[in-house]
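Keep the 3D view open as you read.

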Amino acid sequence: MRTSRRFFLSGASALAAALVANSASAQDVIGDILKSSGRGNWDDQFDARASEGGKVASTLPIFSLQTVAFTEQAVAQYQNIVAQGGWGEVPATKKLQLGVDDPDVVPLRKRLMMSGDLAQSAGISTAFDSYVDAAVKRFQARHGLPADGAMGKYTYTAMNVSAQIRLGQLQTNLQRLREKAGTLGNRYVLVDIPAAQVEAVENDRVVLRHTAVVGKIDRQTPIVNSKINEIIVNPYWNAPVSIVRKDIIPLMRKDPNYLKDSHIRLFAPDGSEVDPMTVDWSTDDAEKYRFRQDPGAGNAMASVKINFPSPDGVYMHDTPQQSLFGKLMRFDSSGCVRVQNVRDLVTWILRDTPGWDRQHFEGTIKTGENIPVQVVNPVPVHFLYLSAWSTGPGVVQFRDDIYGLDGNDELQITSSL
């Protein structure tokens, strides 16, 4: 099956489902999923009793020196797998899941054993038992997939990427890790673009982890190294020229009331407000105007904007479209980064800023008033690109090479479903 893996990155509920408590048995997993908070953090523990590797859940920062060491171990592990001939392909013809008895479970078991997701002691049989169920969930969690234990097309496609290609992916990303690990500071925010994930790191520990939405393939989120110096509560949204050109002008041609209905006001270069009805939308003249959306529930940035100097003009923000965080495809922005549970992150950023505790922050949001806040002790922020890494023995993480930077076509998005 050659299908797109653009949907491989799971949403918040998928991550929460993957990380069930140690005391849970494989039979209790469904109940744990239903009771999951869906926040997308990896704070819970993953039941890896049927695995030869460590727990997928980790508070180890992606760009830590320890991650470099674990990724070096992973490279050696995958070199050994390749030297043994790699793993065989798992037939992608059936939806295998807990309770099924089928000959195709045999190559599935062998594949999971090769990558350390299933212990050798689990044995070879045709039964998709609780051990295989736990192992498939672990594999899915490592690949950013919904950890539901079912062998669907996305899981098959990830599983059937060859060991040789995965080794190359690890080696490519190890170089990126070596360049940056240990240099990001004691307290910082990291956006890992392929993982569509945000980490708040302090004292070499992830204190917050957030699901994110990053840039589309044709509007990519750039690499950024800056410092968060401003939080804007109830922000205005100024539409970038790219969105004006690609989205707003075509919408105005179809619906002349679009700007009014969206509470977007038009301003001339001299600052004077312009009536949209006086603009010729059949041309591109509208690009010279500034499009500003008023604060409010329908604002594109919702409650808050996180600012920092950037040559590309990108930033982080809230969104009224919370459903996007639950999607497998989270490459949906025009380059900026939308953050789930962003108020938790902002509270952490404003910790040293007098008068801006969580209670005051929430109260200010309710007023609807546009308030810029200068951050005391600006927090470093890094937008980086990492699609493979390891946070512990046998815990190797892979994500889709969304922007095609890893140098292998098989890891890129090649088609849509």
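Q293 lies in strand β8; strands here are DSSP runs of E with at least two residues, helices are runs of H or I with at least four residues, and both are numbered from the N terminus. This is a predicted model, in which local features need pLDDT of at least 70 and side-chain atom pairs count only at pLDDT 80 or more, while totals for chains, interfaces and linings use all residues. Residues are numbered from 1 along each chain as its sequence is written, and side-chain values use heavy atoms, with hydrogens and water left out.

Is Q293 buried or exposed? Q293 is buried, with a relative accessible area of 6%; buried means under 20%, exposed over 50% and partly exposed in between, with a 1.4 Å probe and protein chains only. Beyond its neighbours within four places in sequence, Q293 is in contact (heavy atoms within 4.5 Å) with residues including Y236, W237, S262 and H263.

One of these, W237, is the bridge partner of Q293. Strands β5 and β8 (residues 290-293) run antiparallel and are joined by two bridges, and two strands count as paired if DSSP finds at least two bridges between them. They belong to an open, antiparallel sheet of four strands in the order β5-β8-β6-β7. At its edges stand β5 (237-238) and β7 (273-274), each with a single partner strand, so one side of each is left without a neighbour in the sheet.

W237 also leads us to the largest pocket, where W237, I243, A300, S334 and R338 lie nearest the centre among 33 lining residues. A pocket is found on a 1 Å grid over the protein atoms alone, as an open set of points where a 1.4 Å probe fits, with protein on both sides within 12 Å along at least five of seven lines; lining residues have an atom within 4 Å of a point. The volume is about 730 Å³, taken as the space filled by probe spheres set on the points, which are joined across faces, edges and corners. Helix α8 gives the largest share of the lining, five residues, and both α8 (241-254) and β11 (331-333) supply at least two.

Follow β11 next, and you reach β3: the two pair in the parallel sense over two bridges, with V214 opposite F331. Nine of the eleven residues of β3 (residues 205-215) are buried, so this strand is largely enclosed by the rest of the structure. With β2 (residues 197-202), β3 pairs in the antiparallel sense over six bridges. Their hairpin has two residues between the strands, and N203 takes a positive phi near 55°. Strand β3 also runs antiparallel to β12 (residues 337-339), joined by two bridges; here V213 has R338 as its bridge partner, and R338 is one of the residues nearest the pocket centre.

Finally, step back to the whole chain. Eleven helices and 15 strands make up its secondary structure, and 55% of its 417 residues are buried.
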